[in-house]
Amino acid sequence: MSTTPTDTDPVPTEHSSHDAKAMSVKDAAELLGKALAQVQRVIVGQEHLVEQLMVGLLAKGHVLLEGVPGTAKTLAVRSFATVVGGNFARIQFTPDLVPSDIVGTRIYSMAKETFDVELGPVFVNFVLADEVNRAPAKVQAAMLEVMAEGQVSIGGTTYPMAKPFIVIATENPVESEGVYPLPEAQRDRFLLKVDVPYPKGNEEFEILRRMSIKAPVPDPVLDPKKTLQLQDMASNIFVHNLVAEYIVRLVMATRNPVDFGMPDLDKVISIGASSRATLGLTSASRALALIHGRDYVLPSDVQAVAQDVMAHRVTLSFDAIADNIPASQVIDRILAMVPAPTPVWNANQPRG
């Protein structure tokens with residue numbers, strides 16, 4: 001398939017840097033495969049989780065992991081940060097946390113009779129926000145600026161975050177003591193929300209075998225410079241207009257399901273997905289295409305990331321929540337009802 005537009009224009013992208021041109025898509029896919037394999041040395045199963053962490057990194061987005069305790073969420077993030085390289089910080093969120101605990105504060109120096117700025121633990125490449133839903137509203141607001149703007153304001157001065165920068169947050173869905181549900185605005189800031197299930201029987205046996213003696217340690221594969229290069233490559237993956245229109249139709253179906261032949265969802269969905277879902281589907285699809293060694297996006301890439309990009313951005317009605325209808329079921333219905341463009345693999349087809 002041609003990777004350059006002919007009779008249609010591609011979705012606008014940033015211009016590739018000279019560094020990005022130095023690595024081919026095939027080389028990038030091999031490098032990313034090695035990185036994922038190193039994480040899989042430590043994490044048994046959870047292939048979807050590990051792949052989505054890489055998608056979030058390449059797409060310059062943040063990731064929210066939700067699952068019961070003991071499903072290797074923290075271990076997966078630690079292993080991922082080791083493999084990718086760069087600085088790493090883990091912040092345990094608690095109800096008594098204050099914003100200065102994470103972003104930093106000004107400290108008065110008696111010797112110099114001035115205020116010195118002490119930067120917080122978020123000034124790293126990877127931030128693991130453990131149990132992020134335990135933090136109170138002020139801390140959530142501080143995290144919102146960090147995630148959305150990539151900067152922190154302390155004493156009237158703005159401090160930019162390191163590059164690459166990604167927040168990977170975990171939350172426990174089963175507890176209710178000392179838990180503050182994430183505001184919709186903050187959930188929308190996460191590019192992906194990945195549900196982490198229990199391991200299967202054979203995976204549980206492998207966990208016992210692998211972890212009961214001496215836990216394996218992953219080897220570093222990437223570094224911040226290579227990661228920025230890969231992010232630049234991912235942002236320039238070609239998106240055909242037909243695929244872009246498919247992305248728009250998926251998002252519009254969450255807002256006006258009646259127009260797409262799903263009148264039953266009109267009373268299920270209270271608020272549809274935002275425009276961040278449209279941009280998120282595009283960037284995540286590009287990242288997944290690069291991981292799979294392609295320099296163009298297929299409709300199957302969009303379908304593969306749709307659940308994790310869209311489900312947490314759809315607000316269900318009270319009746320749907322009372323009937324225990326999960327958002328994932330709504331997204332599955334939309335994927336089944338909205339037709340995807342069909343690629344035509346024919347090099348000799350005449351151009352119109």
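This is a predicted model: local features need pLDDT of at least 70, side-chain atom pairs count only at pLDDT 80 or more; totals for chains, interfaces and linings use all residues.
1. Overall make-up. The protein chain has 352 residues, of which 47% are buried. Its secondary structure consists of 14 helices and 11 strands. Taking contacts between residues at least 6 apart in sequence, 79% join residues at least 24 apart.

2. The open sheet. Which strands form it, and in what order? There are 5 strands, arranged as β2-β5-β8-β1-β9, and their pairing is parallel. Strands β2 (88-92) and β9 (190-195) stand at the edges; each has a single partner strand, so one side of each lacks a neighbour in the sheet. On average, neighbouring strands of this sheet are turned by 15 degrees against each other, with direction ignored.

3. Strand β5 covers residues 126-130 and strand β8 covers residues 166-171; the two pair in the parallel sense over 4 bridges. To find one of these on the model, look for Ala129, whose bridge partner in β8 is Ala169.

4. A helix on the sheet. Helix α3 (residues 47-58) packs on the sheet and touches β1 (62-66), β5, β8 and β9. The direction of helix α3 makes about 175 degrees with that of β9.

5. The structure holds 10 salt bridges. One of them joins the side chains of Asp130 and Arg90, with an N to O distance of 2.7 Å. This pair links distant parts of the chain, as Asp130 lies in strand β5 and Arg90 in strand β2, 40 residues apart. Are the two partners buried or partly exposed? Asp130 has a relative accessible area of 5%, which is under the 20% limit, so Asp130 counts as buried. Arg90 has a relative accessible area of 38%, so Arg90 counts as partly exposed.

6. Salt bridge between Glu131 and Arg134. The closest N and O atoms of this pair are 3.2 Å apart. Glu131 is partly exposed because its relative accessibility is 22%, whereas Arg134 is buried because its relative accessibility is 15%. The cut-off between the two classes is 20%.

7. Salt bridge between Glu171 and Arg187. Here the closest N and O atoms are 3.7 Å apart. Glu171 belongs to strand β8 and Arg187 to helix α7 (residues 184-189); the pair links distant parts of the chain, 16 residues apart. Both Glu171 and Arg187 are buried.

8. A nonpolar patch on the surface. Which residues form this patch? They are Tyr108, Met110 and Phe115, and together they have about 380 Å² of accessible area. Tyr108 sits in strand β3 (residues 104-109). With a relative accessibility of 43%, Tyr108 counts as partly exposed.

Definitions and conventions: Residues are numbered from 1 along each chain as its sequence is written. Side-chain values use heavy atoms; hydrogens and water are left out. Buried means under 20% relative accessible area, exposed over 50%, partly exposed in between (1.4 Å probe, protein chains only). Contact means heavy atoms within 4.5 Å. Two strands pair if DSSP finds at least two bridges between them. Axes are lines fitted to C-alpha atoms, for helices over the stretch in contact, and angles run from 0 to 180 degrees between N-to-C directions. Patches are made of residues with over 30% relative accessible area and no salt bridge: like charges are joined within 9 Å, nonpolar side chains (Val, Leu, Ile, Met, Phe, Trp, Tyr) within 5 Å. Accessible areas come from the Shrake-Rupley method with a 1.4 Å probe; for residues, only the protein chains shown count as cover. A salt bridge is a side-chain nitrogen of Lys or Arg within 4 Å of a carboxyl oxygen of Asp or Glu.
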